[in-house]
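Q: Could we go through how one reads the surroundings of a ligand and the confidence of a model?

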Amino acid sequence: MDWKRTREPAGAWHMTDDLHAEQGKGDPFAAAIRATRMSMIITDPRRPDNPIVFANDAFLRLTGYERHEVIGKSCRFLQGPKTDKSAIAQIRDAISGEADLSVDILNYRKDGSTFWNALYISPVSNDKGELQFFFASQLDVSDRKRSEHRITADKDRFEKAVKERTAELEAALEAQTTLLHEVDHRVKNNLQMISSLILMQSRTASDDNLKRSLSTMLERIEALSTVHRRLYQSKDVSKFDVSDFARDLISDLLTASGRSEISPTLDLEPIVIPAEKATPVALMVNELVTNALKHAFKEKPDGTRSGRIGIKMSQPDGHLNIEVSDDGVGMADANGDASFGMRLIKSLARQLRADIEWRDAGPGTRVVISMPNGPQQKGNQS
Amino acid sequence: MIGPLKVLIVEDEALLAMELESLVEDAGHSVVGWATSLAEAKDMVDSTRADIAFVDIHLTDGPTGVDVAEYIGDRKNSMVVFMTANPKRIPDHFAGAIGVIAKPYTMNGFTSALRYLQEGVRRPPPTSERPAGFTLSPAFETVWAPAT
Ligand SMILES: Nc1ncnc2c1ncn2[C@@H]1O[C@H](COP(=O)(O)OP(=O)(O)O)[C@@H](O)[C@H]1O
Ligand SMILES: [Mg+2]
């Protein structure tokens, strides 16, 4: 319905209730408006206070008033204390500006109850463009408003709940992180204490065999310490860079121990393994490197025990390959399988599902390890 | 030969202090004192002369190792190296310290750190390789290990 552009002769609207109610009776157009279920009124802005000059039955049903109570009155009686002031201002502006307007406004019935009114106001002018009336229709949209309110309230409640839950989770994470740091701190300190105990004990040992045993034990503990230090230095404690570990190990075992006559060859791709594999891999590499240092190089006439030691790490698809090699005496007369070091290496290999092989490198020994390492584990140099 | 170092140990764990003392002496240096708290460390700093202090962050009276470093730094009578299992506790400016030896360190790791520090204190910058587990503070990084 496009009421806005209505250009009825002014007289048509004079067939209204307060004027000549009977005159409109034969007019099907007026009859339709009287009978429609849509609440409608017409006001006369040319009279003081823009009073209602026509109201259909639907309007009376909606508002609860009798016709004689509304005709001649300003629509103001529909407003009440909770009516939005800005909606009222919009209506005022539309009337004074002779503009049409669509607005949702809280109105009051005669009995004081309220309803949401989707109000539509439109000015009606005559042929000369002079303002004659305002036409207004009212639609009770209380149900829609209620569900709008419910949705807004639900949304607010939901957002609040999400915020609360987020805060809880953040606090829990914070507590977990603190705990992790605390545990990490203790583990590191304890590893340091264990090393200290072994070191101090070996200093007082007079027996050379015992000294050697303790020093082998210290090396193993220190390999674990290095794993732990490296693991918790990185941002992601679930990943472990074996190549970095190998570098630390070699620098620790060679450069620092003063065995400068042994030259290391490192060929290390950055390789990341899951943290749970870090310890067995590190222990295995430690055993192989210390074995080469201890057993491969025989004393020369000048008293030195020089030679080359090599560590190579690569990851062809889905596998981690580690090679520890030396150019020493080889393992032909190794007294092998019963010794603890060898058993440890083989057991760790089994744990890691690794294939391990000792090859004659002529001269020296090349130990080749190959184990599955998920294809998703990409090297990471950070 | 460059001169040996006089070392102050600030460490609340007796066993670790004992071990450090042995390692320091094995390397030909001497230990001038052992403190376990901020107060003890202050007394010792005021009454002895050390070339370098190894300072744990967590002492008997709490995380006061940084305060020890600041106290030493104010008096400028010794250099400081932190030794801690929790390097994240060290402030970004390192309270003037040279760097940090992360625990758990290895025997060789500590010994080579000593050699490196001896060079750095006596004849800076150090020439030997920086040991694994030793991190320089940003300030010393620019002086001792400028990017080439
Ligand atoms: N790289 C190597 N070169 C020469 N011999 C080796 C090498 N690795 C191991 N061996 C020999 O294998 C033996 C067993 O090694 P291991 O089980 O680690 O015992 P341990 O190191 O305690 O002697 C060693 O005693 C040594 O004779
Ligand atoms: Mg062995």
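A: Let us begin with the ligand, bearing in mind that this is a predicted model. Ligand 1 is surrounded by 13 residues, and the closest of them are Asn291(A), His295(A), Asp326(A), Ser339(A) and Met342(A).

Q: How much of the accessible area of ligand 1 does the protein cover, and which elements give two or more residues to the shell?

A: Of the 530 Å² of accessible area that ligand 1 has on its own, the protein covers 80%. The elements giving two or more residues to the shell are α8 (275–296) and α9 (340–351) of chain A, and α8(A) supplies the largest share, 4 residues.

Q: How many residues of each class does the shell have?

A: The shell around ligand 1 has 7 polar, 5 nonpolar and 1 charged residues.

Q: Where does pLDDT stay under 50 in chain A?

A: Where pLDDT is low, the predicted coordinates should not be read in detail. Chain A has a mean pLDDT of 87, with 90% of its residues at 70 or more, but the value stays under 50 over residues 1–23 and over residues 376–382. Beyond four places in sequence, the model has 46 contacts for residues 1–23 and 15 contacts for residues 376–382.

Terms used: Residues numbered from 1 in each chain as written. Chains lettered and ligands numbered in written order. Predicted model: local features only at pLDDT ≥ 70, side-chain atom pairs only at ≥ 80, totals over all residues. Heavy atoms only, no water. Near = heavy atom within 4 Å. Areas by Shrake-Rupley, 256 points an atom, 1.4 Å probe, with all protein chains shown as cover. Nonpolar A, V, L, I, M, F, W, Y, C, P; charged D, E, K, R; others polar. pLDDT = per-residue confidence, 0-100. Contact = heavy atoms within 4.5 Å.
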